[in-house]
Amino acid sequence: MNLELLITGLSLGAVYALVALGFVVVFKASEVLNFAHGSLVVAGAYVTARTHEVLGFFGAVIAGIIAAAAVALIIERVLVRPIRNAPVISLAIMTIGVEVLMNTELVRQMGVDILPLGHPWGAATWVLGDMTIPVNRLVAILTAVVVIGLFLLAFRFSSWGVSMRAAAEDRETAELVGLKLGRISMVSWVIAGALAAVAGIFLTGAPTPGLAPSLAVIAMRAFPAAIIGGLDSVAGALAGGMLIGLVEAFAVGYQSELSFLGRGIGEVMPFIVMIIVLVIRPQGLFGRKEFVRA
């Protein structure tokens, strides 16, 4: 096995897992399939890019996280909450419209330039034998492990996590015993926005030169990770993210051997895997049939 491709796949998978967690958290809390999640990734990265010269990298990262969380909160409070009883398909279509509008405006603001985010490690690489690995990939793995670990602890032991799991099991009963579903949904959207911003920081680092309009498309490759794992499963989001990252990395690494499948196979491979999994197990690898939504 090519160790360089393995590390690349693990780093991509870790970042995709962060984005997939956002999909899952929102779906579990509010039963909304948020197709605007890719724009939250871009929004966090964009604010970081515009503020890093003034605030420094870490200050800009905090600003980007707050901005993405705030946008997610606005979407939940202003657009989702008033029609929370609408059919699931209507909510999903609404988020598609939000995605188009947000992404169009963000691309207009970016223009044609690629915006650097000021990563302090820049394009530095780690050399081991004949391998050259961007430090950004290693930092992405480490950061994702820490963030996901903190998220799992909160999901398991905090009052929000316990409440969200109860609401996901039976919303009507949870409401009857006094759980505030609106507050659970609000916190979940904010957390999803924060996770999206963190993912955007690393998706724009080396070997990527910076923030480009294509980031939303790249971020949406995490959507198959959430579907593959199961939209009602946090563990599934993690497993799906790692699977998609590894599949994409090895498909790109062995592009020449897979040339008979066409150029750019690595970019569509996540969706091919998603289709295969859905044909075999429609609820996802870790999902439960009673939670599947059309």
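Buried means under 20% relative accessible area, exposed means over 50%, and partly exposed lies in between, with a 1.4 Å probe and protein chains only. With that in hand, tryptophan 160 counts as buried because its relative accessibility is 11%. Phenylalanine 151 is buried too, at 6%.

A word on the model: it is predicted, so local features need pLDDT of at least 70 and side-chain atom pairs count only at pLDDT 80 or more, while totals for chains, interfaces and linings use all residues. Residues are numbered from 1 along each chain as its sequence is written, and side-chain values use heavy atoms, leaving out hydrogens and water.

Now to the rings. The structure holds nine aromatic pairs, where rings of Phe, Tyr and Trp (its six-membered ring) pair if their centres lie within 6.5 Å, and planes under 30 degrees apart count as stacked, over 60 as edge-to-face and the rest as tilted. Here are two of them:

| Pair | Centre to centre | Angle of planes | Class |
|---|---|---|---|
| Phenylalanine 151, tryptophan 160 | 6.1 Å | 65 degrees | edge-to-face |
| Phenylalanine 250, tyrosine 254 | 6.2 Å | 10 degrees | stacked |

Tyrosine 254 counts as partly exposed, at 34% relative accessibility. Elsewhere, ring pairs link Phe57, Phe58, Trp121 and Phe202 into a cluster.

Back to phenylalanine 151: leaving aside neighbours within four places in sequence, this residue is in contact (heavy atoms within 4.5 Å) with Leu21, Val25, Trp160, Ile191, Leu195 and Val234.
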